[in-house]
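Me: I have a new structure open and would like a walk through it. Can we start with how the helices pack?

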Protein chains: 2
Amino acid sequence: MRYELYYWPGIQGRGEFVRLTLEAAGARYVDVARLSRREGGGVPALMRFLEGDAVRRKPFAPPFLKAGKLVIAQTANILQFLGPRHGLAPLDEAGRLWAHQLQLTIADLVTEAHDTHHPIASSLYYEQQKSEARRSASHFVGERMPKHLDYFEQVLADNPRGKGHAVGKALSYVDLSLFQVVAGLRYAFPKSMRKLERDRTRITALYDKVAALPRIAAYLGSARRIPFNQSGIFRHYPELDA
Amino acid sequence: MRYELYYWPGIQGRGEFVRLTLEAAGARYVDVARLSRREGGGVPALMRFLEGDAVRRKPFAPPFLKAGKLVIAQTANILQFLGPRHGLAPLDEAGRLWAHQLQLTIADLVTEAHDTHHPIASSLYYEQQKSEARRSASHFVGERMPKHLDYFEQVLADNPRGKGHAVGKALSYVDLSLFQVVAGLRYAFPKSMRKLERDRTRITALYDKVAALPRIAAYLGSARRIPFNQSGIFRHYPELDA
């Protein structure tokens with residue numbers, strides 16, 4: 001089957017967690033909105049699902065994945081669908097629940113990271129909430145980032161199957177998502193991350209291991225990987241990295 | 001099996017979505033942290049799991065549910081575990097994914113509702129971010145609440161099995177969660193909700209139907225239902241309901 005991924009074409013955003021899993025799986029997929037409009041791509045391809053009659057069970061927002069007749073939205077939901085199908089999640093119930101629980105915790109962290117630059121409203125520009133963003137980011141960097149990173153460091157330490165994976169004894173979508181979180185936090189808050197990673201070596205080792213996976217390395221070097229930019233979830237405003 | 005629910009004892013919060021599903025299921029459960037400390041309850045009962053050695057796969061935060069040997073965290077994850085076991089979710093894969101997708105969208109709305117009174121940081125008091133809260137709430141009430149309510153109104157309209165349920169032809173945890181969202185939004189933003197519910201009659205009908213379920217009605221009238229208050233997710237600050 002060829003999957004169709006639908007996500008905003010100009011950013012990594014939440015779609016990137018899905019892209020990484022599809023790439024690590026070696027799955028066949030089309031990143032639909034990145035096709036030209038002539039090829040049926042662009043933002044109109046998304047809007048058909050959000051506003052039109054393309055599907056009865058409409059998503060609230062991208063990303064969503066078309067898998068045969070299924071249209072699945074919400075990043076963590078897409079990953080719990082893909083994971084067991086592609087050897088990127090445990091197959092037993094306890095393992096699946098644990099992987100999903102970690103993914104939902106990552107999703108919370110991602111929302112908090114986004115809200116540092118948009119604490120008042122997503123519909124306003126950064127420039128319209130700059131001083132609030134500065135206050136919000138100082139709490140995120142000082143309290144929340146260390147708390148979250150400590151948690152995942154502990155998760156890696158507590159995994160009895162070891163080998164530097166978050167869940168079980170093999171690579172999972174949780175490892176891929178943690179890689180993306182570290183990449184994003186390094187882009188957005190380079191100074192803070194340098195400090196925080198000094199004594200959180202398991203997270204750094206996981207990042208390196210994922211980056212070196214042949215399929216991931218190939219993906220990161222390709223044009224399919226959209227560079228980080230100032231429209232995504234992780235944005236680099238030096239004044240927020242204090 | 002007797003479930004053990006772990007959540008902050010003084011608020012409805014995210015734990016309430018789990019309580020409603022357990023109550024509607026007629027499941028046997030203990031709300032552990034609401035027991036006295038002598039009975040093994042109170043906040044220390046929670047902290048054992050978050051900081052101590054009570055469990056290897058530690059939750060990041062409450063709520064979490066102990067089901068035999070499993071300890072499951074993240075509200076939506078708990079509900080997707082409980083739902084199919086108690087006839088409160090579809091059993092087919094497409095239906096389960098759809099129910100979970102809706103629950104995750106509800107979770108996003110709940111976070112946005114919380115962040116209206118804590119836009120800068122959860123660790124600060126409301127009084128320390130009051131003017132920011134006013135700005136944030138005006139966007140939530142003016143843009144996000146209508147958008148979310150319209151979405152769920154559409155979900156109810158688009159359900160071919162009809163009968164006023166969000167998913168399939170029977171009561172599910174999604175219906176119970178939508179009930180709780182309406183209850184919370186009415187408490188926090190009574191003026192705005194009165195206006196918004198005027199032309200969103202399906203949501204209101206769903207609320208009434210859930211409130212009238214014998215088990216839910218009994219629960220709502222019992223001491224087990226913690227009243228809304230100014231420490232929870234939904235808080236009534238009249239200045240935010242403009």
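**Helix packing and domains**

Reply: In chain B, α1(B) passes α3(B) in a left-handed crossing, meaning that the near helix is turned anticlockwise from the far one by less than a right angle; clockwise would be right-handed. This is a predicted model, in which local features need pLDDT of at least 70 and side-chain atom pairs count only at pLDDT 80 or more, while totals for chains, interfaces and linings use all residues. Residues are numbered from 1 along each chain as its sequence is written, and chains are lettered from A and ligands numbered from 1 in the order in which they are written.

Me: At what angle do α1 and α3 of chain B pack?

Reply: About 15°, with the axes 9 Å apart; α1 covers residues 15-25 and α3 residues 75-85 of chain B. Axes are lines fitted to C-alpha atoms, for helices over the stretch in contact, and angles run from 0 to 180 degrees between N-to-C directions. Helices (H or I, at least four residues) and strands (E, at least two) are DSSP runs, numbered from the N terminus.

Me: Which residues make the contact?

Reply: From α1(B), F17(B), V18(B), T21(B) and A25(B); from α3(B), T75(B), I78(B), L79(B) and L82(B). Contact means C-beta atoms, placed from the backbone, within 7 Å.

Me: And by class, how do the residues of that contact divide?

Reply: Six are nonpolar, two polar and none charged. Ala, Val, Leu, Ile, Met, Phe, Trp, Tyr, Cys and Pro count as nonpolar, Asp, Glu, Lys and Arg as charged, and the others, Gly among them, as polar.

Me: Switching to α4 and α5 of chain B, at what angle do they cross?

Reply: Roughly 160°, and the axes of α4 (residues 93-117) and α5 (residues 130-158) of chain B come within 9 Å. α4(B) also passes α5(B) in a left-handed crossing. The contact of α4(B) with α5(B) has seven nonpolar, four polar and three charged residues.

Me: Now chain A. How many helices and strands are there?

Reply: Chain A has nine helices and four strands.

Me: Which domains is chain A divided into?

Reply: Domain 1 (3-85) and domain 2 (93-214), with bounds from an automatic or database domain assignment. The C-alpha centres of these domains of chain A lie 23 Å apart.

Me: How many residues are in contact between them?

Reply: 13 residues of domain 1 of chain A are in contact with 14 of domain 2 of chain A. On the domain 1 side, α3(A) gives the most, with seven residues. That side divides into seven nonpolar, four polar and two charged residues.

Methods:
Two residues are in contact if their C-beta atoms, placed from the backbone, lie within 7 Å.
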